[in-house]
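I opened the notebook to log what I looked up, chain by chain. The entries follow in the order in which I made them.

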Amino acid sequence: MLERVDSQSFRSHAETWMQSNAPCGWRAQITAATPEEVVDFYREWLRALHAAGLLVPHWPVRFGGGGLGIAEQVIVQQVMSQFDAPRPRPMIIALGHAAATLMEHGSAEQQELLAGILDGEIWCQGFSEPQAGSDLASLRCRAVRAGEVYVVDGQKTWSSFAAHAAYCLLLARTDPDAPKHRGISFFVVDMSSPGISVRPIRQATGSTEFAEVFFDQVELPAASRVGAEGEGWRIARTTLTSERVVQMIELVEQARAAVRRIESELATVTAASGRSQRATERLRGEVTETAIDVEVLAAMTERVMSDLATGGTLGATGSVLKLYFSELLQRLTATATRINGLDGLRDPGSPADIGYLSGSWFTDHLRSWTWTIAAGTSEIQRNIIGEQMLGLPRS
Amino acid sequence: VALTPEDRTDFRASVVALLDARSPVARSCLVADSEPGFDSALWEEIGELGWPGLLVPEELGGVGAGMTEVCMVSEQLGAHLTPGPFVPSAVLAVGALVDAREGALRADALLRSAAMGKSIGTVALLDRMPADDAERLHVRASGDAWLLKGVLREVLHAEAAAFVVAPVVVGGRDALAAIDLREVAHDRYAEGLVDRTRRVDHLRFDDAPAASDCIIVEGDAAVAVMERMRARAVLALAADAVGGARAVHEEAVAYAKERIQFGRPIGSFQAVKHKLADRYVDVLAADAALAQACDRFDAGGDHRAMVLAAGYRALTGFARVAGDAIQVHGGIGFSWEHFCHRYFKRAWLNRTLYGGDERLLDDFAEQMPATRIPVPDLAMRYESYLEA
């Protein structure tokens, strides 16, 4: 397929800018930094990207974006991979799910918060609870209407970057008598509200990206509810899945970059380690299969997008993409770890969360379980595919 | 390619309707188990409908369509387990003749006949790394005639074919020949393979005289045509695999809904449900990759990586899907009467022909560093995704 003419000049702009502005040595810098320094680094980088028109070229102009198409977002992601530029990881919820929710379901007042997102504010999600993981709709966190406010009590967990977040997307139960999916409402919570406390969770990789968030008699203005009462589940689900398709563009480009990196590491490490020809061939075969899987994922993503463009509905296709990507990522990082031998297992010291090109393949491999667990485990995705797409009876 | 999306939808529906009526799976199995291994009445009907002429330019009486349309047919033939020479004749032989047309009058005559279904063609594919030069088919001049000596391997439905389009060596150069199998003497060795829905033969020529115009293209141009033949073969087999996989998966899903054990449909057990979900992802992945590979091939752009990736996913996926369909059906799925094994065998022939999926991996690995990823034409706004 041919690129459109203006896409080509957009690519030139992105390449020229990235050439002189993409940071060097940022992985080492981040690994040695404190969490606050990491957040500051990403915030500055995000602002620089935005000033160059390369942060959200696909957002509508009225929300501060470039008003361009999805193709330009693809180009940005390709150019970032080309120059090994960092993605603003801690702002991923803000730029993705939060922004999509505000644009699609937010009030005019709520949409003003998009400006803060483009200034590098971090948003977190308050969805999972200790007793509501895969069975998310059984969540217990309560939001009780009292005049012009809701009073929130409850506990959320596995909330990424909550310790640094300015806002939280919260799912809370507003009607305990309604069927469990219908009694939930969606809120935007200012994290500086009195009664909120955050306790970091040290996760398997050693980093503390996730946190528990406690709500103790937190008063939210009624205007902080997104959409109607009882619509929270639907809003969270639909926006999450459609945003996931767009996010997949970035993930595909990162996966392509990872494959290229693994290929070159296979050549370098093999030359240095005296690995046998047979072992090298086996590993090369795995890399080839992974590279094929990545191209197929790209085709799947593109198909979903063009189906949507021609009036199709997403349905459970988001589950297909997520399942496919998660398991692909797990294989890819396992292969990369094995290629690097003991070096792949070296303790990175401070494994700040920098995505799956952190430089520590083992950390990336371990972290891939956040993909197979978070936002619906792979087992839940298979249930969704089996029940919603194939019509198999519920378990 | 002048077909609109609506034309394509209509065309697909007409293919499904015809094969549902004329080639239901039970009939496909009967036909496959008897001689000549395909239904010549059905083949004639397909010829009258113009399917063999899909790839032929309109000025020669064809449809002027592309691999997208051809693969729609191939997909449905796979789904119905339909035996017959559609892929070797209508896709590979016709495709090669179309690609080789420049300046080859003979190609036009064969093309007219094959495109109308009046004659059946077949092909041999270029073996990139011949183990032994003697294994290739050599052509040398002798007086007015050409003499053919050597072997063509993996020729589908050669017994029914009037001609074979094959890579040959002429004076040390690669060339492509269209050999009249009714005129040119040869020995045919039929493989007795587990999949009876396609017949695979090997042909041996021993200084057989052939018409002097049998060479239709030579040199680099011939190699280019052969590479496109190979891409078409991968796409057509992948489409057959996608159709077969989807059909046998649908059967397994239907069975999982109705088969009761322990008082519940077995499809309610997660072990079964998840297996079916995983295999459905295989079907969707292969289908999406194939569609994109066909698009790129038809658009004339860089299609190599996507064709190989689609082929690999589809051919290996079909074997997995068919294997798990047997598993989900349990004992009944292992009986001769049940059609599961027929899909399984078709899947394994697909993944083995022409070097098989191992060769796809090799070829993909070879082109990997060069892969320049094209930007999809996504002239679409972010908001429209959020609204969907």
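**Cysteines**

I started with Cys71(B): its sulfur lies 3.6 Å from the closest cysteine sulfur, that of Cys294(B), which is too far for a bond. I take a disulfide as a pair of cysteine sulfur atoms within 2.5 Å. I then searched the whole structure and found zero disulfides over all chains.

I checked the burial of Cys71(B) next. Cys71(B) counts as buried, at 3% relative accessibility. My cut-offs are under 20% relative accessible area for buried, over 50% for exposed, and partly exposed in between, with a 1.4 Å probe and protein chains only. I looked up Cys24(A) too: with a relative accessible area of 72%, Cys24(A) is exposed.

**Ground rules**

I note that this is a predicted model, where local features need pLDDT of at least 70 and side-chain atom pairs count only at pLDDT 80 or more, while totals for chains, interfaces and linings use all residues. Residues are numbered from 1 along each chain as its sequence is written, chains are lettered from A and ligands numbered from 1 in the order in which they are written, and side-chain values use heavy atoms, with hydrogens and water left out.

**Chain A overall**

I counted 13 helices and eight strands in chain A. The radius of gyration of chain A is 21 Å, close to the 21 Å from the globule rule for 395 residues, so chain A is as compact as a globular protein of that length. The radius is taken over C-alpha atoms, and the rule is 2.2 Å times the number of residues to the power 0.38. Helices (H or I, at least four residues) and strands (E, at least two) are DSSP runs, numbered from the N terminus.

I took the extent along the principal axes: the C-alpha trace of chain A spans about 70 × 45 × 45 Å. Of the 395 residues in chain A, 57% are buried. I looked at contacts, meaning heavy atoms within 4.5 Å. In chain A, 72% of the contacts with a separation of 6 or more are between residues 24 or more positions apart.

The accessible surface of chain A is about 15900 Å², and 53% of it belongs to carbon and sulfur atoms. These areas come from the Shrake-Rupley method with a 1.4 Å probe; for residues, only the protein chains shown count as cover. I counted 36 positive and 46 negative side chains in chain A, with the centres of the two sets 6 Å apart. Lys and Arg count as positive, Asp and Glu as negative; His and the chain ends are not counted. Each charge is placed at NZ of Lys, CZ of Arg, CG of Asp or CD of Glu.

**Chain B overall**

I repeated the look-ups on chain B. Chain B has 12 helices and 10 strands. Its radius of gyration is 22 Å, close to the 21 Å that the globule rule gives for 388 residues, so chain B is as compact as a globular protein of that length. The C-alpha atoms of chain B fill a box of roughly 80 × 55 × 40 Å along the principal axes.

Buried residues are 59% of the 388 in chain B. Of the chain B contacts between residues at least 6 apart in sequence, 74% join residues at least 24 apart. Chain B exposes about 15600 Å², with 52% from carbon and sulfur atoms. The 41 positive and 57 negative charges of chain B have mean positions 5 Å apart.

**Backbone**

Most residues other than glycine have a negative phi, and most peptide bonds are trans. I looked for departures. The peptide bond from Glu35(B) to Pro36(B) is cis, with omega near 5°. Pro36(B) sits in the loop between α2 (25-32) and α3 (40-48) of chain B.

Trp158(A) is not a glycine, yet has a positive phi of about 55°. Trp158(A) is in strand β3 (residues 149-160) of chain A. Glu154(B), not a glycine either, has a positive phi of about 55°. Glu154(B) belongs to strand β3 (residues 145-156) of chain B. With a relative accessible area of 25%, Glu154(B) is partly exposed.

I picked Val213(A), in strand β7 (residues 210-221) of chain A. Val213(A) is buried, with a relative accessible area of 1%. Val213(A) and Thr157(A) are 56 residues apart in sequence, and their C-alpha atoms are 6.1 Å apart. Beyond its neighbours within four places in sequence, Val213(A) contacts residues including Gly154(A), Ser159(A), Met191(A) and Val198(A).

Leu95(A) is buried, at a relative accessible area of 15%.
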